[in-house]
Amino acid sequence: MDREREFQQRYRAVAARDARFDGQFCFAVTTTGIYCRPSCPARTPKPENITFFSTSAGAHEAGFRACRRCLPEAAPGTPEWNLRQDLAARAMRLIREGIMNGGGVAELSSALGYSSRQVHRALTAELGAGPLTLARAHRAQTARTLLVSTDLPLSDVAFASGFSSVRQFHHTCRQIFDSTPAEIRARRRRRLPGSSRTQAAAEAAPLTVEIELPVRAPFDAAGVFGFLAERALPGVEAAEISPKRLRYARTLRLPGGPGALELTSAAGGVQVRCEVSTLSDVPAAVAAARRLLDLDADPAAVDSALSEDPALRPLVERTPGIRLPGTADAHEYLIRAIVGQQISVAAARTQLSRLVARTGTGYVSGFAGLDTLFPSSEQILAAVEDPGEGPLDPHRPLRLPARSLRTVRAAAQALLSGEMQLHSGAEPAQMRRQLTAVAGIGEWTASYLQLRVLGHPDTWMRGDVALIAGAQHLGLLGPAAARTAAQSGGGPQRAAHHCSAQHRNAQHRQLAEHAQRWAPWRSYAAMHLWAAASPSKGHTDEH
């Protein structure tokens, strides 16, 4: 898209005060020195007085300060970072997860596989600001959220936001918001119960922080909470799915120590309660919450694109704002995905629950249903036997075939040694190569992990039988697949009854070809097809 066309489209969004674009870009007004979100209720500036920025950090770097009326820092996150897979987008995913709060630019560059100079050059060229400025802007956003939604002391807010000192925290607030932290807190509209840090909490671990995260409407809360609940492992996760309440909680391994999250659906957003060993882990916990519920998605764009296909339109109308369930811990989910290959969700849950019960680490949580951390790679290697020539122990924690046990051990070893780099900022093609290099991990599992770990919006899982079931429910698989089977000697009737390999391959090929029209949102289309598949068929994590 050329710059003039992009400017006109963005200006129309600003003139219409269209809230769907909040968080996707911001605009600065040269006559006032202020930048705003697109839906700002103030009078629309003249085009010649507007400059658009992809990030608030770019506006900060250019000398603008945040609008006190529309609070652009309170908008949902930018969906572009999940849609794009270039260096700048992957860097932004890691920055918003707080990677620079502990290790700075060097750790960010190492995770991305580039030099610090290359990362700085790419971010400055693409986003108008370098990694330090972008990280500072994200800390400021986190700080503003904590200031208006909790009663934490200002010094605690500073460290929970990732600032290294209270002085740096005050200086940044002054520079970005033209206000002191105390002034920002004084302007908050309401107080949230249970968010203050009491003396008892201060003396005990873990610490609890409660905040509310904004969500772009529509939001299929029931769908994403239900997906996570169906796969929840007792002790590690807990869920409550009812017409009156949607709740999902889980334990976490955070940089500063063990912790936990509790997420509940609330009007206009998601209520998040974090248990952390140190306040510096709050950004990582909040980032996990955003990943789990896909809170930075652009549902309007997804629904609009998928509705163009008459076959999917009824599903989109029935379930607007569908989300991609993410992961809180990429290493954990690699093991879970391997165990789930070729078996149903219920069977995988049974296997993994046994593994957790025998090898997980105990954790004392204030959130109901949580008491265990998922086992680390070291614990998995110690607990999962190395299958030799003799018979397998019938009482082993993972009662899987020998080849599956070898795959679990190989994956855990690759994670432990650092040979496999698995995180939300990974380059998709490189991540796929590393995964499929492990014997026993196929293309489907690699694709599924791209969807869950990266939040990749355009992943297609060819070979997934639940996708076929959903497509059949919609009448998407017509005579082409049966014709292919007939030409191979089976005949359409025999193929339908015996589900020959030729027929299955033809179905997968036909569906994959049809799915091309759903790009770049094929992951979301897959969620619709999974939901359309008959529950009686029993989804599997390998499908």
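These legends accompany close-up views of a predicted model of one protein chain.

**View 1. Confidence along the chain.** The protein chain has an average pLDDT of 88, and 91% of the residues score at least 70. Over residues 480-497, however, the pLDDT is below 50, and this stretch has 19 contacts in the model beyond near neighbours in sequence. Residues 536-543 also stay under 50, with 27 contacts beyond four places in sequence.

**View 2. Helix α4, enclosed by the rest of the structure.** The buried residues include L87, A88, A89, A91, M92, L94 and I95. Arginines are found here too: R90, R93 and R96 are buried in α4. Just after α4, look for G98, which takes a positive phi of about 85 degrees.

**View 3. A salt bridge between E126 and R84.** The structure holds 18 salt bridges, and this view shows the one that E126 forms with R84, whose closest N and O atoms are 3.2 Å apart. The pair links distant parts of the chain, with E126 in helix α6 (residues 116-127) and R84 in the loop between α3 (80-83) and α4, 42 residues apart. E126 counts as partly exposed because its relative accessibility is 44%. R84, at 17% relative accessibility, counts as buried.

**View 4. A buried pair on two strands.** Here the side chains of E262 and R247 meet in a salt bridge, at 2.6 Å from N to O. E262 lies in strand β8 (residues 257-266) and R247 in strand β7 (residues 246-254), so their bridge ties together parts 15 residues apart in sequence. E262 counts as buried at 8% relative accessibility, and R247 is buried with a relative accessible area of 6%.

**View 5. Helix α20 and its link to α21.** In this view R432 forms a salt bridge with E443, with the closest N and O atoms 2.5 Å apart. Because R432 lies in helix α20 and E443 in helix α21 (residues 443-454), the pair ties together parts that are 11 residues apart in sequence. R432 counts as partly exposed at 22% relative accessibility, and E443 counts as partly exposed at 49%. Helix α20 (residues 428-436) is also the place of A429, which is partly exposed with a relative accessible area of 37%. A429 and Q85 are 344 residues apart in sequence, yet their C-alpha atoms are 9.8 Å apart in space.

**View 6. Helices α5 and α7, packed side against side.** Two packed helices are described by the angle between their axes and the distance between the axes. The axes of helix α5 (residues 99-112) and helix α7 (residues 131-149) come within 10 Å and cross at roughly 160 degrees. Angles over 145 degrees count as roughly antiparallel, so that is how α5 and α7 run relative to each other. The crossing of α5 past α7 is right-handed. From α5, the contact is made by M100, N101, V105 and L108. Their counterparts in α7 are P131, L132, A135 and R139.

Note on methods. Residues numbered from 1 in each chain as written. Predicted model: local features only at pLDDT ≥ 70, side-chain atom pairs only at ≥ 80, totals over all residues. Heavy atoms only, no water. Helix = DSSP H or I, 4+ residues; strand = E, 2+ residues; numbered from the N terminus. Buried < 20%, exposed > 50% of the residue type's maximum accessible area, 1.4 Å probe, protein only. pLDDT = per-residue confidence, 0-100. Contact = heavy atoms within 4.5 Å. Salt bridge = Lys/Arg side-chain N within 4 Å of Asp/Glu carboxyl O. Axes fitted to C-alpha atoms, helices over the stretch in contact; angles between N-to-C directions. Parallel < 35°, antiparallel > 145°, perpendicular 65-115°, else oblique. Left-handed = near helix turned anticlockwise from the far one by under 90°.
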